[in-house]
Amino acid sequence: MRNAERNRRTPRMAGIAGAALMSSLLLAGCNSSGDNRHQAGSSTNNPAPTADKTTTLTVLTNRVDLAENGVLQKYADKFEAKHPGTHVAFEGLTNYASDIMARLSTRSMGDALLVPNNLTNEDLVNYFEPLKDSMFDHIRFADFKAYRGVRYGISTGASTEGLVYNKKAFREAGITVLPQTLDEFYAACAKLKQAGIIPVYVNYGAQWPMSSWGENLVGFMTGNPNYLNQMAETDQPWSIDNPWGQAITILRTLIQKGYTEKDLFTNNWELSKSEVASGHAGMYFIGNWVINQVIEAGAKSDDVGFIPFPYDNKRGKRYAQLSPDYFLGVSKFSENKQLAEEWVDFFVNESGYVNDSGFLPVDETKTSSMPQIQQFESYKPTYVERQPPTDDFLNISAKVQIAFWTGDDIQRWAVAKDLKTEFQTYNELWKQARHEVLGLDATAKR
């Protein structure tokens, strides 16, 4: 993922395969102190501001675009009205994933900030304040950023993936019935191509969107939130006949039949949004967060649709994997911990950020007001919450140097001359790494 886009599309877990290694290098010498729910300096020791004294609350964010276009200020105005004497100041970090790690090392973290994805949960206690349990009632991904039963971060939104499509392009191509099977999807692609419309923009050149066709699609196909973690239990996780092979074969078919953009190797991410918005391209298979960006690129909201991806030829039940966006937390070094915690609660539950950013609510009791998400949910997909990666999965991945969720290896598989041979090579590397990491006898049978 390119740095500029990293801030616009709300990153998830890119590059997490190297998380353990990166964290150990950057945080060497830090000692985890375990459960410090009642440590000195808890949020209860920091009173809220009074009207006759202004307190500045500094919030670090990856959404530089929302800081620049006034959307974050709209949230700040609402919060300040509820908390007289408070001024909310935003500090946008252009490359949040790397910039925030440097800020942690100097404790220059503001008051509220997004929890770095490449910070191990064990180290959360060194940099973040525990959040009160009452904030997590009916909240998805509640234990993603937790250590020894204490929660340090709450997700700012949830996303799933599906076909984001231009209704006008579909009408022009004569597509009158939305595809609900894989064969119908290919047939729709053929009609779009015949009409001179790019059927599916896969954004091969941008690389990071490739993970939609790999790790994420595998999660959809299996309906198993632990499918990737279970790769640590086998020496041969990749096969032409298993979900990995089936997912990559769909992508390869699109490329081979000319159903994707012609210029695969150039990063055309920004261009692709205007292409889908104008109807020059018909579809994305990507997260719901892109819907508002397509509308911002010129599409009418009524012309943008969102349906589950028809990954096989079975009609009926569809799985849809839910993934968390960045998690928001309170700096351990804040002098305004209580106020910062109130901002976190407000931002997730009241600010309007979820709808403005095209997310699904993390509160299970709430529904989205976006018509596209309502359309998606009319298909009654079974949501499956992504599970955090296990240490075994991460350590084996790091040993093999496979950067899951970056799209790197998916790019290679998508255009490989022989996918079966590619998978065999990866399986050999995975087996060796698995046995080394888990301390297994290299000659032992699985």
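D143 forms a salt bridge with R151, their closest N and O atoms lying 2.9 Å apart; a salt bridge here is a side-chain nitrogen of Lys or Arg within 4 Å of a carboxyl oxygen of Asp or Glu. The structure is a predicted model, in which local features need pLDDT of at least 70, side-chain atom pairs count only at pLDDT 80 or more, and totals for chains, interfaces and linings use all residues. Residues are numbered from 1 along each chain as its sequence is written, and side-chain values use heavy atoms, with hydrogens and water left out.

**Salt bridges**

- The structure holds 14 salt bridges.
- R140, E364 and E385 are linked in a network of salt bridges.
- E385 and R140 meet through their side chains at 3.2 Å, N to O.
- E385 lies in strand 15 (residues 382–385) and R140 in the loop between strand 4 and strand 5, so this pair ties together parts that are 245 residues apart in sequence.
- E364 and R140 meet at 4.0 Å, N to O.
- E364 lies in the loop between helix 14 (353–356) and helix 15 (371–377), so its pairing with R140 joins parts 224 residues apart in sequence.
- R140 counts as buried at 16% relative accessibility, while E364 is partly exposed at 45% and E385 is partly exposed at 22%.

**The open sheet**

- Four strands form an open sheet in the order 10-11-9-12, with mixed pairing (strands pair if DSSP finds at least two bridges between them; helices, H or I of at least four residues, and strands, E of at least two, are DSSP runs numbered from the N terminus).
- Strand 10 (198–200) and strand 12 (304–307) are the edge strands, each pairing on one side only.
- Strand 9 (residues 161–166) and strand 11 (residues 281–287) run antiparallel and are joined by five bridges.
- Y165 stands opposite M283 in strand 11.

**Helix 9**

- Helix 9 (residues 215–222) is mostly covered, with seven of its eight residues buried.
- The buried residues are E215, N216, L217, V218, G219, F220 and M221.
- These buried residues pack against strand 9, helix 10 (243–256), strand 11, strand 13 (319–324) and helix 17 (408–415) (contact means heavy atoms within 4.5 Å).
- G223 follows helix 9 and has a positive phi, near 65°.

Note on methods
Buried means under 20% relative accessible area, exposed over 50%, partly exposed in between (1.4 Å probe, protein chains only).
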